[in-house]
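The plan was to go from the overall make-up to single residues.

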Amino acid sequence: MMNSNGTESPPSIMEETKKPVADKRDLLVLLKLIKKYNLKQTEELLCQEANIKHDELEEVDDKEITSILGSALGDTAETTSGDTKDGPGSDPELYDAAFGDLRNFVDESLDIYKHELFMVLYPILVQIYFKLVSGGYAKSARAFVEKYGSELDYYYREDLQNLLLITKKSEMENNDWVTSMETDKFLIRMSRDAHSLFKRHIQDRKQELIADIVLKYLNFDTYEGTARSKVQCDATSGSLIGEARRQDNKIRVYYGLLKEVDFQSLTTPAPAAVEEEDDNDPDAPDKPKKKKPKKDPLFSKKSKSDPNAPSMDRIPLPELKDADKLEKLKALREASKRVSLNKDSLPSVCLYTILNSHNNVTCAEISEDSYMMAVGFTDSSIKVWSLTPSKLREMKSAEHLKDIDKDAEDVLVRMMDDRTGESARTFYGHSGPVYRCAFAPEKNMLLSCSEDTTIRLWSLHTWTCIVVFKGHLFPVWDVRFSPHGYYFASCSYDKTARLWATDSNQPLRIFTGHLSDVDCVQFHPNSNYIASGSSDRTVRLWDVLTGQLVRLMTGHKGSIYALAFSTCGRYLASGSSDHNVLVWDLSHGQLVTTLIKHTGSIHTMCFSRDGTILAVGGLDCYLTLWDFSKLSEDYISQNSNTSHNPEIDEGDHYLLRAFPTKSTPFTTLHFTRRNLLLAVGTFKS
């Protein structure tokens with residue numbers, strides 16, 4: 001303290017005694033805590049050294065212990081009644097005034113810039129909440145969100161409810177959402193003019209608090225040109241990370257299809273019919289006419305190499321066995337009899353309704369050749385039905401297999417025991433509900449995933465479990481086979497997707513980056529890429545070869561439950577709990593259109609075999625058919641702008657037909673090789 005002469009005066013008696021008294025009070029609290037945990041020797045030593053009598057400990061109550069410990073830990077002090085008090089930290093009133101000023105600035109901006117500027121409010125509000133909670137102002141933080149949260153877009157309401165569950169600084173430390181907001185930054189795409197207005201406002205009003213948040217936690221992807229409209233802003237907003245950076249979608253994606261194998265050179269079909277040669281030999285008019293083999297029209301067309309397709313050896317693919325070649329040949333012959341679909345020729349639909357098990361059925365899947373159907377149940381069982389008159393047979397015993405001629409063409413048929421044929425078979429092995437089944441392209445195996453965190457591979461010859469794949473830490477939501485076999489993908493509550501091979505019990509790739517459950521996965525038709533949909537409301541495309549993220553697509557307002565690649569491989573459709581289907585162009589990673597019709601979550605989608613029709617099934621008991629050939633033609637003819645603000649078209653005019661069921665939500669959809677649409681659902685009584 002300074003006296004009137006400018007020299008330092010000695011401290012007063014109050015100042016001398018204030019600090020020791022406070023220190024002694026802290027020691028009493030510490031001793032009381034030591035006594036509570038019955039640490040007698042430590043208590044005696046501390047009492048002797050601090051010269052404290054045991055009678056003095058009775059003066060300290062539990063409320064004082066809680067208060068001093070809360071201050072020491074920098075956390076929110078809690079009273080014994082459970083109410084939260086504001087502690088030390090940043091001033092809530094300053095943050096409230098700063099955010100209110102920013103909101104008024106956005107409201108008063110010109111309409112052309114208002115919609116882009118409005119997008120900064122959500123991430124700034126979230127960061128202010130985090131700062132208030134860290135400073136010990138839990139009550140003020142809640143009041144702040146309740147005051148301004150209702151003014152934000154509807155698709156952030158659920159996030160704000162989850163935000164209010166974080167009430168202590170300690171709860172923020174291991175929270176993935178908090179970590180991602182701090183490290184990855186919330187991305188906002190904004191025109192350069194709107195961004196300049198925003199910066200000028202912060203500088204003119206000297207908003208240091210807002211400026212600090214913007215610098216640390218926001219990332220702006222600015223572009224030259226006109227600011228986006230409300231519809232354009234909403235089209236790509238809604239995810240937990242903001243929007244996708246344009247740089248995220250610059251990597252080239254080989255979305256083309258692999259060149260088909262020349263089956264004519266690999267197989268020896270039955271002797272072909274012959275036809276007479278038209279031209280006669282002028283030197284030998286009486287000579288019999290030569291005959292040449294008649295060309296099979298199935299193989300007459302030579303497939304052209306697609307410049308957008310990956311090379312055949314980009315990833316190692318399994319070699320086709322003779323049985324696989326014959327099956328491919330059979331599929332091609334069936335495809336030649338396929339019905340062409342268009343707006344005037346819609347597919348017939350066959351719905352398999354599962355009765356008396358609405359709360360028990362969790363998933364259903366139909367094999368590629370439409371011969372079998374597998375259904376998973378909550379009691380951890382899997383049931384496989386034959387959809388044709390042929391029975392599900394078991395392989396003969398080892399003794400009987402010795403007598404079979406291994407070189408016979410029908411060796412696989414001879415290996416099966418006709419006496420064991422049944423119309424349905426059941427698998428037991430999981431210890432929790434089964435969430436997805438997937439048939440191998442070769443039709444000899446079945447994959448299943450469960451709440452028990454495992455993936456099981458079952459043999460459809462011996463009808464037993466072959467392998468149990470362990471690696472996920474939490475329930476596994478989805479599993480899918482590669483179109484070329486051997487590889488399969490899975491996704492889980494642990495926020496990862498994984499790539500596996502049937503001959504390895506360890507994952508080949510682990511794809512990380514999602515901020516919430518990965519709810520669904522799907523292989524690209526060329527097997528080089530895997531798409532994943534998550535509860536963080538993003539769709540991501542991963543490169544199987546490198547494990548790298550090559551596409552990040554934002555726009556959904558709810559968890560994503562269904563994915564489907566177009567037959568050509570260029571487009572990806574995603575269905576969500578927001579009731580909408582979004583169609584993406586993988587060549588640029590941009591949104592093509594939004595298909596709006598359903599009033600319930602979308603859980604299954606399927607493209608027709610010729611790629612002209614997209615079928616969508618929802619929990620609203622509706623099946624919708626969309627004209628995808630017209631949709632893609634319109635998109636290409638528009639020569640769409642791949643920059644910041646493409647015109648987003650709501651594709652309700654592409655709807656061809658909507659089929660309602662009485663009370664059967666759709667579980668899965670499947671187009672047969674001849675374009676008959678099969679659907680599976682459970683009847684709700």
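I took helices and strands as DSSP runs, helices of at least four residues and strands of at least two, numbered from the N terminus. The model is a predicted one. On that basis I found 18 helices and 34 strands in the protein.

**Overall make-up.** I looked up burial next. Of the 685 residues, 48% are buried. The accessible surface comes to about 35,300 Å². Carbon and sulfur atoms hold 50% of that surface. I then checked contacts between residues at least 6 apart in sequence, and 60% of them join residues at least 24 apart.

I picked out the span 595-629 and computed its make-up: 6% helix and 57% strand. Its end C-alpha atoms lie 14 Å apart.

**Core.** Which residues have the most contacts inside the largest nonpolar core? I got Val120, Ile124, Ile128 and Phe198, in a core of 56 residues. Helix H6, residues 121-134, gives the largest share of this core, ten residues. Leaving out residues up to four places away in sequence, Ile124 touches Phe99, Leu102, Phe198, Ile210, Ile213, Val214 and Leu218. As a general note, nonpolar side chains tend to be buried together in soluble globular proteins.

**Surface patch.** I also looked for nonpolar side chains on the outside. Leu473, Phe474 and Tyr493 form a nonpolar patch on the surface. Together they have about 320 Å² of accessible area. Tyr493 sits in the loop between strand S17 (487-492) and strand S18 (496-501). Its relative accessible area is 40%, so I logged Tyr493 as partly exposed.

**Salt bridges.** The search of the whole structure returned 30 salt bridges. I opened three of them.

Glu224 pairs with Arg192, with the closest N and O atoms 2.5 Å apart. The pair links distant parts of the chain, 32 residues apart. Glu224 is in the loop between strand S2 (218-223) and helix H12 (230-236), while Arg192 belongs to helix H10 (residues 192-204). Glu224 is exposed at 58% relative accessible area. Arg192 is partly exposed at 38%.

Asp536 and Arg540 meet at 3.8 Å, N to O. Are these two buried or exposed? I found both Asp536 and Arg540 buried.

Arg570 and Asp585 meet at 3.0 Å, N to O. This pair also links distant parts of the chain, 15 residues apart. Arg570 lies in the loop between strand S24 (560-565) and strand S25 (571-576), and Asp585 lies in strand S26 (residues 580-585). Asp585 has a relative accessible area of 0%, so it counts as buried.

**Backbone.** Last, I looked up positive phi values at residues other than glycine. Lys206 has a phi of about 50°. Lys206 is in the loop between H10 and helix H11 (208-217), and it is exposed at 62% relative accessible area. His579 has a phi of about 75°. I placed His579 in the loop between S25 and S26. His579 is partly exposed, at 29% relative accessibility.

Notes:
Residues numbered from 1 in each chain as written. Predicted model: local features only at pLDDT ≥ 70, side-chain atom pairs only at ≥ 80, totals over all residues. Heavy atoms only, no water. Core = buried A, V, L, I, M, F, W, Y, C linked by side-chain atoms within 4.5 Å. Buried < 20%, exposed > 50% of the residue type's maximum accessible area, 1.4 Å probe, protein only. Contact = heavy atoms within 4.5 Å. Patch = residues over 30% accessible without salt bridge, like charges linked within 9 Å, V, L, I, M, F, W, Y side chains within 5 Å. Areas by Shrake-Rupley, 256 points an atom, 1.4 Å probe, with all protein chains shown as cover. Salt bridge = Lys/Arg side-chain N within 4 Å of Asp/Glu carboxyl O.
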